[in-house]
Amino acid sequence: MATFFGEVLSVYSRAVEEDDEELDENEEDEEIRRELEEKREVQLHWSPEVSESLKSGNQLQCSDFILAVGHNAARFLSVYVLTSENWDAVGHASMWNERSRGETGLTGGESACVFYRHKNNPSVLMCQVTCYAAEDQLFQWTEKVFGCLQRRQLSVTVLSDSSVAEYKTADYLCCSSAPFLRSLHTAAFHGQPVCRSLEQPNIITGLPAAVLNHCEVHHIATVVYQCYSDVTGPDSVTMETFKPALSKLGESIQLDPSPSTDVLRKFVRTTNIQSNLYI
């Protein structure tokens with residue numbers, strides 16, 4: 001561009017500079033998005049023995065997989081099953097999200113998602129999950145975990161917690177009898193559930209729903225037992241409600257019929273028992 005006196009000036013375009021700034025911002029946003037995706041990826045950490053087997057291309061032999069999701073469900077396994085000392089921790093999962101700060105450096109005992117294998121019957125696996133799994137991590141978890149298990153003759157039992165305030169029914173007396181169990185199962189499950197089926201319009205959500213959906217697609221016999229409780233924290237009565245759910249597994253799972261007071265005190269938080277209906 002030339003002035004009135006013939007002096008040549010360089011052309012300045014603000015639009016070009018704004019385009020460059022926008023490009024830089026887009027690149028930064030993309031980098032941040034990639035970093036978040038990597039951080040939110042579900043990571044499985046297996047014991048050396050299991051890792052070696054998986055690296056060889058062998059899936060884990062598994063006849064029964066018991067998954068406990070929620071504090072009462074997980075503590076039920078701790079109180080009634082794991083106290084037998086017939087179980088080895090063989091792995092754990094880490095999940096980082098807005099409500100769970102999973103750390104890869106944690107050991108299996110410190111993790112909020114731990115896998116156990118029966119010492120005398122290695123085909124029986126259990127998993128306790130007390131951490132939150134975000135929606136974008138549910139598919140990851142199910143794909144990665146079930147990708148490590150042989151599907152042939154696999155049977156899955158899911159124990160899950162829920163508040164009775166979320167249970168929809170016209171029968172008030174039903175809710176007043178909490179805690180109680182309701183079940184849902186896949187078409188491949190041919191057994192008899194130990195409780196009534198979950199009535200419409202009630203649904204299950206989160207990790208239990210993701211596992212049920214995955215198993216339905218892959219024709220895996222699966223049953224979900226959801227316990228509706230009116231207690232806000234870990235509670236011995238709510239834990240005991242899960243006992244019938246594992247009774248049909250027979251010799252695969254040995255339940256402690258009467259856990260000691262010390263064991264219960266260890267896993268049950270002392271709180272004032274309050275009903276969600278009146279909070």
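How many bridges join strand 4 to strand 5, and in which sense do the two strands run? Strand 4 and strand 5 run antiparallel and are joined by 5 bridges. The notes below start from the whole chain and work towards its pocket.

1. **How to read this model.** This is a predicted model, in which local features need pLDDT of at least 70 and side-chain atom pairs count only at pLDDT 80 or more, while totals for chains, interfaces and linings use all residues. Residues are numbered from 1 along each chain as its sequence is written, and side-chain values use heavy atoms, with hydrogens and water left out.

2. **The chain as a whole.** You will find 9 helices and 8 strands here; helices (H or I, at least four residues) and strands (E, at least two) are DSSP runs, numbered from the N terminus. Of the 279 residues in the chain, 43% are buried. Buried means under 20% relative accessible area, exposed over 50%, and partly exposed in between (1.4 Å probe, protein chains only). Among contacts with a separation of 6 or more, 78% are between residues 24 or more positions apart; a contact means heavy atoms within 4.5 Å.

3. The 8 strands form an open sheet with mixed pairing, in the order 1-3-4-5-2-6-8-7. Strand 1 (43-46) and strand 7 (180-185) are at the edges with a single partner strand each, so one side of each has no neighbour in the sheet. On average, neighbouring strands are turned by 20° against each other, direction ignored. Two strands count as paired if DSSP finds at least two bridges between them. Axes are lines fitted to C-alpha atoms, for helices over the stretch in contact, and angles run from 0 to 180 degrees between N-to-C directions.

4. Strand 1 and strand 3 (residues 87-94) pair in the antiparallel sense over 4 bridges, with Gln43 opposite Ser94. Strand 3 is mostly covered, as 6 of its 8 residues are buried. Another 5 bridges join strand 3 to strand 4 (residues 113-118), again antiparallel. Here Gly91 has Phe115 as its bridge partner, and His92 stands opposite Val114.

5. Strand 4 forms a hairpin with strand 5, with 5 residues between them, and Arg117 stands opposite Leu125 of strand 5.

6. **Gln128 in strand 5.** Gln128 lies in strand 5 and counts as buried, at 9% relative accessibility. Beyond its neighbours within four places in sequence, its contacts include Ala74, Leu77 and Ser78, together with Cys113, Val114 and Tyr116. Gln128 and Leu159 are 31 residues apart in sequence, and their C-alpha atoms are 9.6 Å apart in space.

7. **Helices against the sheet.** Helix 3 lies across strand 2 (64-69), strand 5 (124-129) and strand 6, running at about 130° to strand 6. Helix 6 packs on the sheet too, touching strand 2, strand 5, strand 6, strand 7 and strand 8, and its direction makes about 150° with that of strand 6. Helix 3 is largely enclosed by the rest of the structure, because 8 of its 10 residues are buried. Asn72, Phe76 and Tyr80 are among them.

8. **Asn72 in helix 3.** Asn72 belongs to helix 3 and is buried, with a relative accessible area of 6%. Leaving aside neighbours within four places in sequence, Asn72 is in contact with Asp161, Gly233, Pro234, Asp235, Thr238, Met239 and Phe242.

9. **The largest pocket.** About 1000 Å³ of space lies in the largest pocket. Of its 37 lining residues, Gly70, Ser160, Asp161, Ser162 and Glu166 are the closest to its centre. On a 1 Å grid over the protein atoms alone, a pocket is an open set of points where a 1.4 Å probe fits, with protein on both sides within 12 Å along at least five of seven lines; lining residues have an atom within 4 Å of a point. Grid points are joined across faces, edges and corners, and a volume is the space filled by probe spheres set on the points. Helix 3 (71-80), helix 4 (135-146), strand 6 (155-163), helix 6 (206-217) and strand 8 (221-229) each give the lining at least two residues.
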